[in-house]
Amino acid sequence: MANGVRVGIAGAGLGGVAAAGLLQRAGFDVILFDQAPGFSRLGAGIQFGPNVLKILSHLDGLDKKLEAISCLPDYWVSRKWDDGTVMAKIPLNAEHDRYGAPYITIHRGDLHQLMLDCVEPARVRWGHKLVDFQDNGRDVTLQFENGARETVDILVGADGINSVVREKIFGKDEAIYTGWLAHRAIIPGAVAKELGADVNAKWWSDDRHIVCYYLDRNEDEFYLVTGEPGEWTSPAGQMPSTRAEFKAAFKGFHPLVQGYIDATDVVTKWPLKTRAPLPQWYEGRVVLLGDSCHPMKPHMAQGAAMAVEDAAVLTRCMELLGTKDPVRTFRAYCNARRERATKVQSISNANTWLRQPEDPYWCYGDNVYDLEIDA
């Protein structure tokens, strides 16, 4: 590689894959590790705003590939839970030129696959669960559950809310259950159309909500995801649920919402967890991004977006400042990202985003490549 610096990335989620693709193109010798045995079409729906599509344009035109297969909602619609009154109608692709890139909704697995396609396959090591590492000040030795060992110059922790990298640096503590859980399901797009679905909408009551949108350009799949108060005692990150449980949680909601729920087949639920913001995202030759350092409730649809933004800014800092003094480089990265990520984390956790008319330009109009990097 051009600069000879070997970067290990723990976690091949969206943030880790973005970091691998961007760092690879910047000339770094990247190795991406993940505990999964291989790729699978996991998850359900995800929304990526123009702030992310501008970054993905740097991955060989990935933004255009995604635009070709994704649903492109013109508006975000907020509706009152019982009578469907429109509380807010926020332009998305209706103001495409203003934001400088499209707003997409897509199946997370389809997005993940296209992002992985931007990383050389030989650089991805599946079946590698990181269990420990040692930073001796010159390099970092990684130890994996399968017995493998690797040495890298820099370690990027992109391993999520239960990050092993974070725990090693800052100590073990449990993620905080917020008291909210989420149901999710996918129904046929044809059923949603017949019912008269909005392309992208959120139905709000005082204490819960349901978000509904299409997952593809052909509108073949329609996604339902909620936020609702509830108990969670299982150590599992996801559990099976039922249509009956889903329906009981949204009793009294508008008939359109009832129609969506009646059309569900496979229903799951998972706990919404968070952590307090970290004052620092790095130590020595090790740095964090995404949910490993600023996990949040998904109520702005910006959790993965913040991870991709982190990846882009980290890459810029490593390009501009180098890695001979990693603390200086990582401090610049953290200083450039902390305020924005903490703001998004706070608004997401409060669950107020776009409930009433507001201008989301500060979020969607942002371009990390315009950001000044202060060493």
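**A glutamate and the helix that carries it**

Analyst: Setting aside the neighbours within four places in sequence, Glu 309 is in contact with Asn 51, Ile 55, Arg 337, Arg 340, Asp 366 and Val 368. Before going further, please keep in mind that this is a predicted model. Glu 309 itself lies in helix H10, which spans residues 303-321. Is this residue buried or exposed? Its relative accessibility is 0%, and because buried means under 20% relative accessible area, Glu 309 counts as buried.

Helix H11 covers residues 326-350, and the axes of H10 and H11 come within 9 Å and cross at roughly 155°. An angle over 145 degrees counts as roughly antiparallel, so H10 is roughly antiparallel to H11. The crossing of these two helices is right-handed. On the side of H10, the contact is made by Met 306, Glu 309, Asp 310, Val 313, Leu 314, Cys 317, Met 318 and Leu 321, while H11 contributes residues including Phe 330, Tyr 333, Arg 337, Arg 340 and Val 344. When the residues of this contact are sorted by class, 12 are nonpolar, 1 is polar and 5 are charged.

H10 also packs against helix H1, which runs over residues 14-25, and here the angle is about 25° with the axes 8 Å apart. Since angles under 35 degrees count as roughly parallel, H1 is roughly parallel to H10. H1, too, passes H10 in a right-handed crossing. From H1, the residues that take part are Leu 14, Gly 15, Ala 18, Ala 19, Leu 22 and Leu 23, and they meet Ala 304, Ala 307, Val 308, Ala 311, Ala 312, Thr 315 and Met 318 in H10. This contact has 11 nonpolar residues, 2 polar ones and no charged ones.

The largest nonpolar core has 72 residues, and the members that touch the most others are Ile 9, Phe 48 and Met 115. Which element gives the most to this core? It is H10, with 11 residues.

Met 115, for its part, belongs to H5, where Leu 111, Leu 114 and Met 115 meet Leu 62, Leu 66 and Ile 69 of H3. The residues of this contact divide into 6 nonpolar, no polar and no charged. Helix H3 takes in residues 62-69 and helix H5 residues 108-116, and they pack at an angle of about 150° with their axes 11 Å apart. That angle makes H3 roughly antiparallel to H5, and H3 passes H5 in a right-handed crossing.

Conventions:
Residues are numbered from 1 along each chain as its sequence is written. This is a predicted model: local features need pLDDT of at least 70, side-chain atom pairs count only at pLDDT 80 or more; totals for chains, interfaces and linings use all residues. Side-chain values use heavy atoms; hydrogens and water are left out. Axes are lines fitted to C-alpha atoms, for helices over the stretch in contact, and angles run from 0 to 180 degrees between N-to-C directions. Helices (H or I, at least four residues) and strands (E, at least two) are DSSP runs, numbered from the N terminus. Angles under 35 degrees count as roughly parallel, over 145 as roughly antiparallel, 65 to 115 as roughly perpendicular and the rest as oblique. A crossing is left-handed if the near helix is turned anticlockwise from the far one by less than a right angle, and right-handed if clockwise. Contact means heavy atoms within 4.5 Å. Ala, Val, Leu, Ile, Met, Phe, Trp, Tyr, Cys and Pro count as nonpolar, Asp, Glu, Lys and Arg as charged, and the others, Gly among them, as polar. Buried means under 20% relative accessible area, exposed over 50%, partly exposed in between (1.4 Å probe, protein chains only). A nonpolar core is a set of buried Ala, Val, Leu, Ile, Met, Phe, Trp, Tyr and Cys residues joined through side-chain atoms within 4.5 Å.
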